[in-house]
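Visitor: I would like to learn how to read a model of this kind, starting with the fold and moving on to an interface. Could you take me through it?

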Number of protein chains: 4
Amino acid sequence: MKNVALFGAGRIGRIHGANVAALPGVALKYVCDPVADAAREVAGMLGAQVSTPDAVFADPSIDVVVIGSPTDTHSDLINRAAASRKHIFCEKPVDLSVPRAQACADAVRAAGVACMIGFQRRFDPTFSAAKDRLMRGDIGAPEMLVVTSRDPGAPPAHYLKGSGGIFRDMLIHDFDIFRWILCTDEGDEAATLYATGSVLVDPEIAKVPDIDSSVVTIRTRKGRLCQINTSRRAAYGYDQRFEVLGSGGMIQCGNHRPTEVVLSDGTGVQADKPEHFFLQRYRDAYRLELVHFFERLQDGGPFRTTIDDGVAAQKLADAAAQSLESGAVVRL
Amino acid sequence: MKNVALFGAGRIGRIHGANVAALPGVALKYVCDPVADAAREVAGMLGAQVSTPDAVFADPSIDVVVIGSPTDTHSDLINRAAASRKHIFCEKPVDLSVPRAQACADAVRAAGVACMIGFQRRFDPTFSAAKDRLMRGDIGAPEMLVVTSRDPGAPPAHYLKGSGGIFRDMLIHDFDIFRWILCTDEGDEAATLYATGSVLVDPEIAKVPDIDSSVVTIRTRKGRLCQINTSRRAAYGYDQRFEVLGSGGMIQCGNHRPTEVVLSDGTGVQADKPEHFFLQRYRDAYRLELVHFFERLQDGGPFRTTIDDGVAAQKLADAAAQSLESGAVVRL
Amino acid sequence: MKNVALFGAGRIGRIHGANVAALPGVALKYVCDPVADAAREVAGMLGAQVSTPDAVFADPSIDVVVIGSPTDTHSDLINRAAASRKHIFCEKPVDLSVPRAQACADAVRAAGVACMIGFQRRFDPTFSAAKDRLMRGDIGAPEMLVVTSRDPGAPPAHYLKGSGGIFRDMLIHDFDIFRWILCTDEGDEAATLYATGSVLVDPEIAKVPDIDSSVVTIRTRKGRLCQINTSRRAAYGYDQRFEVLGSGGMIQCGNHRPTEVVLSDGTGVQADKPEHFFLQRYRDAYRLELVHFFERLQDGGPFRTTIDDGVAAQKLADAAAQSLESGAVVRL
Amino acid sequence: MKNVALFGAGRIGRIHGANVAALPGVALKYVCDPVADAAREVAGMLGAQVSTPDAVFADPSIDVVVIGSPTDTHSDLINRAAASRKHIFCEKPVDLSVPRAQACADAVRAAGVACMIGFQRRFDPTFSAAKDRLMRGDIGAPEMLVVTSRDPGAPPAHYLKGSGGIFRDMLIHDFDIFRWILCTDEGDEAATLYATGSVLVDPEIAKVPDIDSSVVTIRTRKGRLCQINTSRRAAYGYDQRFEVLGSGGMIQCGNHRPTEVVLSDGTGVQADKPEHFFLQRYRDAYRLELVHFFERLQDGGPFRTTIDDGVAAQKLADAAAQSLESGAVVRL
């Protein structure tokens with residue numbers, strides 16, 4: 001039996017908490033959140049107790065911490081967890097600062113604890129089947145990747161103030177997909193990156209300052225090519241697709257739909273919009289990443305994502321921000 | 001809090017049991033199964049106790065029975081539950097004999113208890129969205145229904161011995177879909193029915209005797225038309241579709257796929273096969289029908305399926321068997 | 001060089017005429033139509049001369065007649081063409097009367113001329129690829145066929161007066177598809193047929209009398225099963241599909257769309273309606289059947305459709321009409 | 001009646017010649033090609049005479065020249081046609097040199113003749129329906145364009161020697177699509193362009209020197225964003241798609257398939273590959289662009305493509321080549 005403490009009783013904390021609580025062989029013992037009501041509510045719902053970070057890190061019965069608290073608390077919690085030899089599942093990102101993220105990675109490595117980062121898209125049934133088929137050679141060697149990643153609507157501009165910008169807040173997932181899908185050869189990584197973008201959705205976003213529409217191009221050391229296109233607003237819902245061209249074919253990942261109803265009438269033939277947003281589209285993925293995490297803790301096998309993946313994606317986000325600012329191609 | 005006893009710890013009993021156990025405001029108290037090990041295992045897994053029918057029906061704390069035991073036990077359990085004023089959720093069919101099923105319906109009505117029959121397809125997200133759109137008039141008045149219902153593979157011939165034949169065992173669901181989708185006008189019901197079929201999959205099935213491939217045509221009193229085609233074997237998986245033509249358009253329900261991966265290569269453009277079988281395709285439906293059942297118990301609203309629907313579908317199955325045997329059209 | 005005379009300068013005559021005129025090695029010499037203006041216009045457009053049946057049949061330079069005139073003229077023209085040893089391409093049907101159609105078939109056989117009937121659907125790129133794949137064994141032995149055949153809108157009731165009824169006018173094509181796709185084993189043919197239907201589209205059609213919505217079930221001697229569903233009105237356009245279930249899989253033929261544009265917006269994901277009607281959907285098929293006809297005339301190979309196919313489809317239409325009238329299953 | 005002379009009796013010349021010959025009100029009078037046999041064959045097939053450029057330009061009866069000869073002859077023929085006041089339809093590109101192309105545009109303007117460039121993709125039924133729907137506001141203001149443009153296989157490296165490189169040879173069409181779809185506001189044009197690429201298909205192509213896989217990013221003055229991805233080899237056929245994100249939704253243009261057959265078997269659900277290559281995919285487009293050209297000549301309306309479009313696309317190709325060589329973003 002693994003005993004777990006959860007940090008964060010907000011939206012994502014509740015998802016992780018509920019998924020942990022449903023796992024066999026795992027006990028959610030504590031829930032910590034500075035918002036006492038939220039902590040109490042989640043703890044009550046999931047049969048856990050309210051606690052504090054100090055108590056959690058001092059409690060030798062706790063094997064694992066699950067970090068779903070705000071981004072700016074991640075690095076501190078990771079460091080403290082490593083120091084107290086607890087395994088870590090941490091929602092992305094590690095930290096908005098690459099050096100701080102790197103320091104966490106070093107601490108984790110030194111402590112010898114597991115630290116998986118919540119790049120849940122790698123556990124999406126469609127994306128993970130695509131990766132499996134790529135790895136078993138269904139399309140030969142991958143050559144090009146096109147990632148489409150669009151939210152159904154932009155958050156209020158004030159929310160974006162603390163987000164770190166579109167590349168760190170939103171494309172961080174896409175940078176991870178790029179590495180997971182295109183850098184499949186030993187040692188292949190991004191060599192050059194170019195990013196540009198615009199404010200096309202909401203002029204308030206320009207004042208943050210941030211952009212709401214962006215395109216990124218990455219070329220790897222081996223010459224593989226990746227294009228990412230991202231918008232804060234797709235009027236038709238959450239658009240999450242990628243396609244890989246390989247020497248022997250193409251693998252495409254389509255959107256998931258709520259139902260398979262098709263309506264034909266005088267205006268056309270109409271299917272459902274994609275699942276509304278990430279909570280719907282990635283419901284299974286959020287569950288499956290925690291199943292995987294605890295299975296790997298148990299069997300000692302490799303984790304599908306590590307804190308090094310977190311740091312690497314963060315570096316690409318930084319490079320994109322730098323490219324946007326300078327208007328120039330960044331060499332990595 | 002509703003206290004529940006579950007009859008049946010086999011495949012379908014476990015599904016219903018787990019879905020009941022996960023509901024808020026509902027306590028699964030007892031599990032009954034003549035196979036003691038199965039009862040113990042399921043009870044243990046779901047935090048319930050092993051019990052017996054006699055004890056269950058004598059226990060005034062039990063509000064609800066969920067019947068997932070073999071078909072030939074259904075009518076007796078329904079009758080005893082009605083007699084002891086417990087609400088009933090019963091897996092389809094009510095009984096292979098229409099008179100016995102009708103007697104259950106009468107007993108239930110006399111006792112004033114709720115009795116919902118597990119026509120889970122009415123709770124499938126795709127099918128239920130189709131029904132909603134039909135009822136809100138998206139395609140005007142329904143005129144024609146085409147139902148395709150095919151299993152991935154035939155069970156062994158010996159299993160079919162006690163099944164009541166393809167119409168009672170397999171098309172019972174399709175007959176319910178017919179009534180649910182096409183008989184939407186007050187008082188409209190099947191007027192004539194013609195069924196024919198063949199043994200095309202497995203010659204052993206002829207010795208049961210039964211058929212493995214069937215086609216049924218139903219015309220309603222209002223002249224609406226329905227065609228059902230069914231096979232025990234679809235090499236590409238579980239094929240569960242229907243389409244309704246209305247005066248203003250068509251609604252089609254497609255199969256569900258495990259993933260949205262599409263592979264393009266030198267041979268074509270390939271998507272996933274449908275979900276493998278009913279446990280996969282109707283996973284959500286099995287859960288949602290119990291959510292609905294307990295919600296309606298709570299709020300007193302109408303149940304989406306009743307024991308009368310169970311009897312009505314059974315009558316159509318009987319008519320189909322009679323048509324097959326006589327080679328003639330049956331008037332209802 | 002084959003010299004051709006065309007009978008009929010109406011809608012279908014013009015299509016066949018233009019397709020003939022565009023063929024290499026074929027000269028459209030004469031156009032005959034009792035409506036002089038129509039004959040003149042078509043002849044002018046296609047570089048031919050206006051003529052009369054008497055002149056055509058007396059002219060030894062004419063090798064081939066293409067019959068695209070009204071249905072009630074077909075049998076007479078076929079008989080005269082056979083008598084004057086001219087090869088025949090005749091638009092379907094041979095004749096609304098099976099005995100007259102059979103007499104034509106006898107005359108054609110006795111004369112030793114070719115006589116192809118315009119079941120153009122056998123030349124539709126999608127349908128003909130489906131047949132090829134069936135014959136090469138892609139889905140093993142065929143077991144079940146579901147045909148969906150719906151017009152975009154009903155013609156005025158008065159037009160239907162002379163049509164011979166929905167089975168002879170509209171389903172004649174579907175009966176041919178049934179034979180072409182499901183009767184692929186030597187000697188297999190329809191053994192029983194059941195047809196029913198309703199007036200659901202236009203009450204005027206009841207006064208013809210005729211029906212506008214029909215469903216037909218056919219079982220072959222080998223036990224293969226076919227269901228056809230037909231309506232005079234599909235609000236979303238011309239719906240022409242069929243699907244064959246075989247022991248190893250399924251082949252589906254989808255509708256053709258004018259474009260591959262897909263629009264995603266707040267209401268859904270919308271593709272084009274099917275091609276509007278038969279002139280659009282079967283444009284290629286009309287061209288390809290004449291290419292085939294003249295190629296076979298040249299190389300002596302077997303024709304994809306013969307007058308015997310025309311007679312056989314007519315017999316099924318008669319059986320369907322009889323089944324509808326009697327309300328009983330017809331044995332063939 | 002417009003009299004036409006055709007330059008070029010090779011692959012593309014034959015296509016244009018046959019399309020011209022089939023137009024009502026248009027007479028193909030001459031065919032010119034230094035390869036005498038080819039000229040003779042095409043002239044014979046299309047009912048024209050063999051001629052020479054000198055004779056054509058001296059013949060006052062010729063109204064229009066259609067230029068389908070090799071790229072390096074285009075600018076000279078355009079200039080001579082302008083000088084002799086003949087209208088011009090010229091296959092793309094105008095010229096591999098932007099200054100020479102610009103000089104042609106100046107000559108054409110000075111002469112007051114029409115000069116349409118064969119960007120046939122603008123006449124593809126799918127692409128042109130997409131443009132229509134964009135212009136009527138189906139998705140609001142366009143924001144992002146993703147173009148996928150892949151050939152089924154790379155030509156031999158030696159062919160590429162004279163091609164001007166992948167951007168001038170292949171992406172020229174995509175640059176035109178970018179302008180047509182994304183620069184729909186008065187005065188909006190490309191502001192910055194970044195191109196990179198690799199040799200991933202055939203190492204011989206590196207020796208040309210050229211690349212076989214490329215990605216291009218363009219940002220317009222208004223901040224609209226475009227990504228183009230191109231490969232010389234898609235194992236699944238000719239891949240020609242684009243999608244536009246707008247403020248109110250998305251328009252996608254899918255590939256065309258030879259048939260609508262779908263095969264479901266134990267391995268999946270498989271549709272046809274896209275049409276094999278440009279001669280198949282753009283068959284209709286090649287025909288429709290000439291219909292449009294002669295209609296506009298007749299009615300005096302604006303041409304869908306002009307020589308200025310040809311020059312503008314060429315400038316983008318030059319910028320892409322410069323970006324690839326320098327590894328830097330190019331400002332336009």
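Guide: Let us begin with contacts, which here means heavy atoms within 4.5 Å. Among the contacts in chain A between residues at least 6 apart in sequence, 71% join residues at least 24 apart. This is a predicted model, in which local features need pLDDT of at least 70 and side-chain atom pairs count only at pLDDT 80 or more, while totals for chains, interfaces and linings use all residues. Residues are numbered from 1 along each chain as its sequence is written, chains are lettered from A and ligands numbered from 1 in the order in which they are written, and side-chain values use heavy atoms, with hydrogens and water left out.

Visitor: How many residues of chain A are in contact with chain D, and how much area do the two chains bury?

Guide: On the side of chain A there are 43 such residues, facing 43 of chain D. Buried area is the accessible area (1.4 Å probe) that two parts lose on being put together, summed over both; for chain A and chain D it is about 3200 Å², 57% of it on carbon and sulfur atoms. Within chain A, the most area is lost to chain D by A:Met144, A:Leu200 and A:Gln227, together 17% of what that side buries.

Visitor: How many salt bridges does the rule find across this interface?

Guide: A salt bridge is a side-chain nitrogen of Lys or Arg within 4 Å of a carboxyl oxygen of Asp or Glu, and the rule finds six between chain A and chain D. One salt bridge joins the side chains of A:Arg241 and D:Glu243 (2.7 Å, N to O).
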